[in-house]
Amino acid sequence: MTKNHVTPWEVEGDVNYQKLIKEFGVSELKSLPEIFNKEILFRRNIVFAHRDFQKILEAIKNKKKFVMMTGLMPTGKFHLGHAVIAKQFIIYQELGAKIYIAVADIEAYTTRGQSLEESRKIAIEEYITNYIALGLKPENVEIYFQSERSNKPDKANAYYRLQNLLSKHVTFNEFKAVYGDVTPGKMLASLLQASDMLHPQLPEFEKPCPVVVPVGIDQDPHLRLARDISKRFKTIKFDQLCSTYNMFLPGLKGGKMSASDPNSFIALTDDKKTVKDKINKYAFSGGQDTLEEHKKKGGNPDIDVSFQYLRMMLEEDDNKLEQIRSDYKSGELTTGELKKYTIGKLNTFLEKHQLARDKAKNKIDRFVNRK
Ligand code: TRP
């Protein structure tokens, strides 16, 4: 049995996604309209599960207004794993969604003890700069800090008021069932996150409309709770929250990329030599121990981290990917060759990205502190 432990604040071991689908009661995401297929993450089922996503598909089809809302906990370096969510912003923006992004600086304070100043700095220099470089446009975007929702009092009041009113509609036992270990900080963080997800529908914002929340599967407990609470809240008839869940990009050594271990991730600011060294030294290989054995038995692409990076992010060409998969399986392609190809792909992507990052730095003001 695979060992796994997945909560909003901890992801350990190898994640068994099929098991989580059952355990969490989410639905598998299948056959999306053509327009989603241009993004690898959707085409290859890396975004693999959902709740009520058909509402979003209907809104897109009928050209009705909808919102994409998500949040980020600003800790450590922005790495390839974070790009999985960011790439989804871009496609929703192209599809006409209004984009809401919460910087979870309060959550970082209550659950990790990180100061608001530190969170602000990391959010801007790491996250937002990279979002812009990856293609996020300033139109129709609201990026805000949980500690500072808006300069406009009516908007700010509405957001914090909702967090407080929602507390009436949840019990302590529900918190315990959803989160296991409960502290006052975690309770407030999850109510604030519920307000993050629901407040776009308040009269001060967009009014009731479909909202999709793309997240890692670890965040589903927050969605379950927010969906339940919102049904009990009678003052406003919220459109039920929709969500999609993506798989985690594996860390170099397997498991999840962890911001606290630089040898577990590729940062979007890593230079060419660092990338080469990290992949060669740490990227877990599905190949055999000796070349001779590899040629005879072949490798296992499903557990090979380099192959997974190609599949989840770097290799756009489906035919090429399948060729690599079968050559690796047959043993024709060695681990060394696969790593070399992956390093090349990564460095090409990062070179372009880092130029875009330099330009993005001057555009921050168009995204933050406007609303
Ligand atoms: N809890 C999320 C995390 O740890 C961050 C977050 C805050 C969030 N508010 C949100 C995610 C609203 C989705 C929607 O990364």
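Reply: Start with Gln-219. A polar atom in its side chain sits 3.0 Å from a nitrogen atom of the ligand. That is a polar contact (a pair of N or O atoms within 3.5 Å). How much of the ligand does the protein cover? Alone, the ligand exposes 370 Å², and the protein buries 91% of that (accessible area by the Shrake-Rupley method, 1.4 Å probe).

Keep in mind that this is a predicted model: local features need pLDDT of at least 70, side-chain atom pairs count only at pLDDT 80 or more, and totals for chains, interfaces and linings use all residues. Numbering runs from 1 along each chain as its sequence is written, and side-chain values use heavy atoms, without hydrogens or water.

Now the whole shell. It holds 14 residues, and Gly-71, Glu-107, Gln-193, Asp-196 and Gln-219 come nearest (near: a heavy atom within 4 Å). Helices (H or I, at least four residues) and strands (E, at least two) are DSSP runs, numbered from the N terminus. Strand β5 supplies the largest share, four residues.

Seven shell residues are nonpolar, five are polar and two are charged. Here Ala, Val, Leu, Ile, Met, Phe, Trp, Tyr, Cys and Pro count as nonpolar; Asp, Glu, Lys and Arg as charged; the others, Gly among them, as polar.

Methods: Polar contact = N/O pair within 3.5 Å; in protein donor to acceptor, adjacent residues only side chain to side chain.
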